[in-house]
Amino acid sequence: MLKLTLEVLNGLTGLAGIFIAFFAYRLTNQQRIDTWFKTLNDFHQFFWEDEDLKQVRAWIANDKLYIYINTIISKRLKGRNNILDSEYRELEKLDKFFNFLLKVYIVSQSLGKQQQLWERLYFQYWIDDIILAKRYLLWIYFQTYLNDAAKVLPVNVDYQQVKLFEKECKDRINEIQA
C-alpha cells in the first residue's frame with residue numbers, strides 16, 4: 001500500500017510539474033505580449049502627441065506649411081551660418097522626427113508578425129509621402145544630415161518614381177547652389 005501511495009504521489013508530482021511549466025510558459029508569453037502592447041502604446045502616444053512630431057507631420061502633409069520649412073532647409077543647405085537660432089530649432093524637429101522613425105524601424109525588426117503593423121503605423125506612410133508629395137528639400141535634408149537613417153529606412157514607392165524623385169532632388173540642389 002505504501003509503495004502504491006508513493007507511486008501515485010510521484011505521478012502527481014510529475015503531473016504538477018507539467019502544469020507548473022505550462023502555466024509558467026503562459027505567464028511568460030502573456031508578459032511578453034503585455035510588454036509589446038505597452039511599447040506600442042508608448043510609441044503611438046509619443047508619435048501622435050509630441051508637438052514637434054505634429055509639426056513635422058504637418059510640413060509633410062500640407063503644401064502651405066511645407067513652404068515654411070522648405071525655406072529654412074534651403075538656407076541650411078547653403079551653409080550652417082545662414083540660419084537663425086529659431087530656424088535651427090525647427091531643423092531639430094526634423095532630426096527628432098527622423099530619429100524616432102529610425103528607432104521604430106529598429107524595434108520593429110524584432111517583432112516578427114507585428115513588424116508590418118509597426119512599419120505601416122509609423123514610418124512607412126511618412127517616408128513614402130515625402131517622395132509622393134515631392135518634398136524635395138525635406139528629402140535632401142534627410143539624405144544629407146541623417147544619412148545613416150536614410151540608408152536604413154525603406155521606401156515602399158515604385159523604384160522608377162524614386163529614381164525620378166532623386167533626379168529632381170539633384171536638380172533642386174543645383175538650383176540652390178547656383
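A salt bridge is a side-chain nitrogen of Lys or Arg within 4 Å of a carboxyl oxygen of Asp or Glu. The model is predicted, so local features need pLDDT of at least 70 and side-chain atom pairs count only at pLDDT 80 or more, while totals for chains, interfaces and linings use all residues. Residues are numbered from 1 along each chain as its sequence is written, and side-chain values use heavy atoms, with hydrogens and water left out.

**Exercise 1.** Find which parts the salt bridge of Lys-134 and Glu-168 ties together.

*Solution.* Begin with the pair itself: the side chains of Lys-134 and Glu-168 meet at 3.3 Å, N to O. Helices here are DSSP runs (H or I, at least four residues), numbered from the N terminus. Finally, consider accessibility, where buried means under 20% relative accessible area, exposed over 50%, and partly exposed in between (1.4 Å probe, protein chains only). Lys-134 is partly exposed at 39%, whereas Glu-168 is buried at 18%.

**Exercise 2.** Decide whether Arg-135 is buried or exposed, and do likewise for Asp-63.

*Solution.* These two side chains form a salt bridge of 2.8 Å, N to O. Arg-135 lies in the loop between helix 6 (123-132) and helix 7 and Asp-63 in helix 3 (residues 63-78), so the pair ties together parts 72 residues apart in sequence. With 4% relative accessibility, Arg-135 is buried, but Asp-63, with 53%, is exposed.

Conventions. Helix = DSSP H or I, 4+ residues; strand = E, 2+ residues; numbered from the N terminus.
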